[in-house]
Amino acid sequence: MSAEIGHFALIVAAILALGQSVFPMAGAARRHGALMSLGNTLATGQFVFVLIAFGALTWAFVTSDFSVANVVQNSHSGKPLLYKITGVWGNHEGSMVLWCLILSLFGACVAWFGGNVAPGLRARVIAVQGLIGLAFLAFILLTSNPFDRVNPMPPDGRGLNPILQDPGLAFHPPLLYLGYVGFSVTFSFAIAALLEGRVDAAWGRWVRPWALAAWSFLTLGIGLGSWWAYYELGWGGFWFWDPVENASFMPWLVGTALLHSAIVAEKRDALKSWSILLAILTFSLSLLGTFLVRSGVLTSVHTFATDPERGLFILAILAVTVGGALLLYAWRAPTLKGGGLFRPISREGALILNNLLMTVAALTVLFGTLYPLVVDTFGLGKISVGPPYFNATFLPLMAPMILAMGIAPFLPWKRADLIGVLDRLKLIAGVAIALAAAVVFIEDRHSFAAALGLGLAAWLIGAAGWETAGRIRLFHAPPGESLRRASAMPRSAWGMTIAHAAAGVVVAGITVSGVWQTEVIRTMKPGDRADLAGYTIGFAGVREVTVGNYRARRGHFIVSEGGVAVDALWPEKRLYLPQRVPTTEAAIRTTLFSDLYVVLGDPDGKGGHAVRLYHNPLVPWIWIGAVLMFLGGMISLTDRRHRVGAPRRSARPASPRPSEA
Amino acid sequence: MGSPRLLYLAPLAVFAIVAAAAAYYLSSGRDPRLLPSALIDKPAPEFTAQGLSVAGKPLARGFSSAFFENRITVLNFFASWCAPCLVEHPQITALSKVRGVTLVGINYKNKPDEAAAWLARHGNPYARIGVDPTGDLAPEFGLYGVPETFLIGPRGRIRLKHVGPITVPVLKDKFLPAIQALKQ
Amino acid sequence: MRRRAVLPILLLALIFSSGSPPFRAQAIEPGEALKDAGLEERARDIGRQLRCLVCQNQSIDDSDAPLARDLRRLVRKRLVAGDTDREAIAYIHTRYGDFVLLRPPVDERTWLLWFGPAAALFVALLFLLWRLRRSRAAPPVEALSAESAARADALLREGGDER
């Protein structure tokens, strides 16, 4: 029965979404209060019914209801409960339901927490959310119904792709969708503002928390995906410029630009039509990601079963949503009044530079991702665009970006004294340059990249710390005074400082692990030892084990440092039984400053085993940085002025102070 | 604001172009996994392949790139462990019977006794069989995997390359016309 | 249209599932590396620039596919024979075509790819400069006008009180 309930709930949700897109829109046009607030009820209703559908699908997976085709294809009765649940979104149909669930959740959140938004704008936002929801619910119902039955019912399912049976990958999609779909709200705000024909400082303020929340989740989702790739793919790489990685990275880049331009829109009443465009583009790129993954246009480790019909449907959604939005933009944006004045050396000047570099960076990623398709479409042959292209085009944009990130928080609005700011930063600059020089001196290989990366990381972390220290008058005032100033500092300022410093942490992790990775690749027999980066790794042997739904050859390695055993590592080669799919599970000893990464290979038939040992210095900083960025975003979100729904206490915004970002 | 109105149309224009290209791509039915070939109309690479022999007993003569001179050759990479090779075996055999065509094979990463047993069981259509036990020769021909088949013209130039099993339509629509064209 | 697209995919899936030898290899296997550390370093760098053609977005240096392994050995053979990095890459390029290069060649097809973003950055900078000059010529306006700020606050207050 649960499948029918789920299917029915989806249909009801689609009908509610239709109402949600019509009534509040009409209400806003006629200034009809009851019609407008009907949107809130419908948004809540849509969420409830998608939740019922999602619950029904989850129930079918948990109880292994093999009369449902989707469960047969993606689950197995012998699977751990956790992966029965995560199997719900480990396939195309189920992940679309999750997509719609999160979409309707965000719509409902606008209804629940959007009390401080002007009623007309809020009604239009909810209507646009309803329209997007309707498109995707129709997509599910017409092309990808997760509740299709099979007859006769098979005795057991085919099992979930073993690669997806992993905690990291299990929670990667929900987080990613919270980010992707979160940007639907900023998109809806942009469309609503264009429909109203009015964008003002308040618009910037209303959009910022939504952009911040979506951005934070997207950051965490991307970080989790890259961490998964790192430990699962078996050789220590963490970012491959894979088209689907790029698909999540592009909205992140443009979303970062939006986050910053919305500040200018709020504080200076400028960059308004540009912010609107960024809000449209961010969600468009999220949709593009969905299209690329599901249409089979790109073949990648992430692609679900490819189907051109679904591809055309999503393309149609994309064309209507994005095309319609851009058409509206071309029509209405020129009428938006902007306060144009800015000087290049000022807070807003630095934020514009951020926008420029982030957007062009997104453009390089977009070109690199789509170009092979374009070349192929026009019959000009097949080309590949891989990491060497992105390293050559993307990374050079990041260097000026990071330089500016260090300076920008010191710049006041309107007009700044660059020389004065640089003078305040000369100590940090000196440290960064000295570090870079030291790297050039000690390292002959890739020394330029290493020096630049480490110098920039030190600059960014140092400048962020220096800015905070200056603001709380650390060591220049009694400790109690500093503490008082620290706690009085706006949460959004803390959030910015933490996120900026976190970017420096990520840069340090990428640079150091890339340049100073060391490895030993050899055949080892039980009893053999290998030396790597100050560790001695002894190979104790291999044992066959059967655990749950897989069989494995499990290696046993003993790690010692200075003759003392400090750890035991157990890398595995698994064979998942229902599908007989092999996977490689690396064993990792992680400390704050490095990873020891051990991979067991195949036996050579003479008692030896191929073994690959890597020492990856500072690689944990990449994910520590990503988590810090997320926390920075969350801390900023708790700022009183961002707290959605909270009534404002002060009557007039304090005149914008520097660093109030 | 005073920026030219056209500027605001630019994003829409760019998007329209991209969307049109994507729709064209999707509806063209083009298979994104089809692989390109680079060696067409280029001379076959120079090599010498030892003949297939089992336990010191020669089973077939080997050949080198000089063999391609003055004859039309079909060169087929195969192995006994390769299931699609069996699928295309009747078509390969048919090719060996086409007048004016010499069929030669390269046995790829295969144990000689297994290859010999496979040929004994399914028939040996090859005039000569060279071996590539280590996979050193394959990349010279830009090989992706087995089976893969090349049509080589009388001046040693590669005229046609097919990745995957030669099905009956491939034989009729691709190889036989190309062979006809070479004969003239 | 669907049937037409599905058939070749099935066939290719068949080739690449069964069309590789029945033993699995690891990415960079023991004994594969060259004794000469400098030469091996070059081989690894080259390997990262070549696509494993039967894989999905992996370089031959990352992949455990047999073809990737063969290509790694070929690269090392060419380097030992005295090829420069460029020659070794060109050797594989002539045999496998543009598809094998992870760094696409710069030619008329890829001008937009290589120079498009830089051109966009340049145009955007020019545009900003132009706007800057124009806004300097015009008398400065207080950006967040008192009226606009008051309206923003009124709206925010109004919304807040509603709850």
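**A friendly note on chains A and C**

1. Let us start with one residue: Ile537(A) touches Arg529(A), Ala530(A), Leu532(A), Phe557(A), Val559(A) and Leu613(A), leaving aside residues up to four places away in sequence. Two residues are in contact if their C-beta atoms, placed from the backbone, lie within 7 Å.

2. A word on what you are looking at: this is a predicted model, in which local features need pLDDT of at least 70, side-chain atom pairs count only at pLDDT 80 or more, and totals for chains, interfaces and linings use all residues. Residues are numbered from 1 along each chain as its sequence is written, while chains are lettered from A and ligands numbered from 1 in the order in which they are written.

3. Back to Ile537(A), which is found in strand S3 (residues 535-547) of chain A. Ile537(A) counts as buried because it has 24 C-beta neighbours inside 10 Å. The cut-offs are 20 or more other C-beta atoms within 10 Å for buried, 12 or fewer for exposed, and partly exposed in between, with C-beta atoms placed from the backbone. From Ile537(A) to Phe139(A) is 398 residues in sequence and 53 Å in space, C-alpha to C-alpha.

4. Chain A as a whole has 20 helices and 10 strands (DSSP runs, H or I of at least four residues for helices and E of at least two for strands, numbered from the N terminus). Its radius of gyration is 26 Å, close to the 26 Å that the globule rule gives for 661 residues, so chain A is as compact as a globular protein of that length. That radius is taken over C-alpha atoms, and the rule is 2.2 Å times the number of residues to the power 0.38.

5. Of the 661 residues in chain A, 57% are buried. Among its contacts with a separation of 6 or more, 73% join residues 24 or more positions apart.

6. Do look at helix H19 (residues 491-516) of chain A, where 21 of the 26 residues are buried.

7. Chain A is divided into domain 1 (1-160) and domain 2 (521-620), with bounds from an automatic or database domain assignment. Their centres, taken over C-alpha atoms, are 43 Å apart. Six residues from domain 1 of chain A and four residues from domain 2 of chain A make the contact.

8. Chain C has six helices and zero strands. Buried residues are 36% of its 163 residues. In chain C, 48% of the contacts with a separation of 6 or more involve residues 24 or more positions apart.
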